[in-house]
Amino acid sequence: MTAVKGLKGVLKIESLTDFPERLSPGTEIYLDGDSEPVRIAEMNWAGRVPSLRLDGVSTREGAAALVGRYLELPARDLPEGSYYWHQLEGLRVVDVAGAEVGELVEVFRAGENEVYRVVGAGSEVLVPALRSVVREIDLAAGRMVIDYDVEELR
């Protein structure tokens, strides 16, 4: 949650989900680190920044205490060939010839695309998360194969 909005406990949020329809009134969510869920009382997608109010939070001060916390939903099954970021972090990355590129240490968004930050051999490479570049992901083997001219980027 990024900021307080108004006096009645409403919070501005940055939505990082690919499934925003899951954030609706009545949905139980978790605040990062908490084991007990809280319920979304109100959700507003109008305007540039979405906002919500949680059950039990009705004052600006109560909302301010939550700024900086993440909202979490239980993971849902993804279609074949799709992965959550945490599943990719830590993968060993090699090129199509089998040469070691490094370890995938971070996934982030750059505009509408995802980018993989791969660190290895004293350097780092930013790899676009495109089907034309990522040729194989094998979670069981802990490996990602890419078809990308890594040396040109180092």
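Helices (H or I, at least four residues) and strands (E, at least two) are DSSP runs, numbered from the N terminus, and two strands pair if DSSP finds at least two bridges between them. The structure described here is a predicted model, in which local features need pLDDT of at least 70 and side-chain atom pairs count only at pLDDT 80 or more, while totals for chains, interfaces and linings use all residues. Residues are numbered from 1 along each chain as its sequence is written, and side-chain values use heavy atoms, with hydrogens and water left out.

**Overall form**

- The protein contains 3 helices and 12 strands; its radius of gyration (taken over C-alpha atoms) is 19 Å, well over the 15 Å that the globule rule (2.2 Å times the number of residues to the power 0.38) gives for 154 residues, so the protein is more spread out than a compact globule.
- Taken along the principal axes, the box filled by the C-alpha atoms of the protein is roughly 60 × 30 × 25 Å.
- Of the 154 residues, 28% count as buried, where buried means under 20% relative accessible area, exposed over 50%, and partly exposed in between (1.4 Å probe, protein chains only).
- With contact meaning heavy atoms within 4.5 Å, 45% of the contacts between residues at least 6 apart in sequence join residues at least 24 apart.

**The open sheet and its hairpins**

- An open sheet is formed by 6 strands in the order β1-β2-β5-β4-β3-β6, with antiparallel pairing; β1 (3-5) and β6 (71-72) stand at the edges with a single partner strand each, so one side of each is left without a neighbour in the sheet.
- Strand β3 (residues 28-31) pairs with β4 in the antiparallel sense over 2 bridges, and Glu 28 stands opposite Arg 39 in β4.
- The hairpin formed by β3 and β4 has 6 residues between the strands, and Gly 33 in the turn has a positive phi of about 90 degrees.
- Strands β4 (residues 38-44) and β5 (residues 51-54) are joined in the antiparallel sense over 4 bridges, and Leu 54 in β5 is the bridge partner of Ile 40.
- β4 and β5 also form a hairpin with 6 residues between them, in whose turn Gly 47 has a positive phi of about 85 degrees.
- Ser 51 lies in strand β5 and is buried, with a relative accessible area of 4%; not counting residues up to four places away in sequence, Ser 51 touches residues including Lys 5, Val 10, Ile 13, Glu 42 and Met 43.

**Nonpolar cores**

- A nonpolar core is a set of buried Ala, Val, Leu, Ile, Met, Phe, Trp, Tyr and Cys residues joined through side-chain atoms within 4.5 Å; the largest has 15 residues, of which Leu 88, Val 93, Leu 104, Tyr 116, Val 127, Met 144 and Ile 146 touch the most other members.
- The elements giving two or more residues to this core are β8 (100-110), β9 (113-120), β10 (123-128), β11 (134-138) and β12 (143-146), and the largest share, 3 residues, comes from β8.
- Leaving aside neighbours within four places in sequence, Leu 104 is in contact with residues including Leu 88, Val 93, Tyr 116 and Met 144.
- A second, separate core of 14 residues includes Leu 31, Met 43, Leu 54 and Ala 63.
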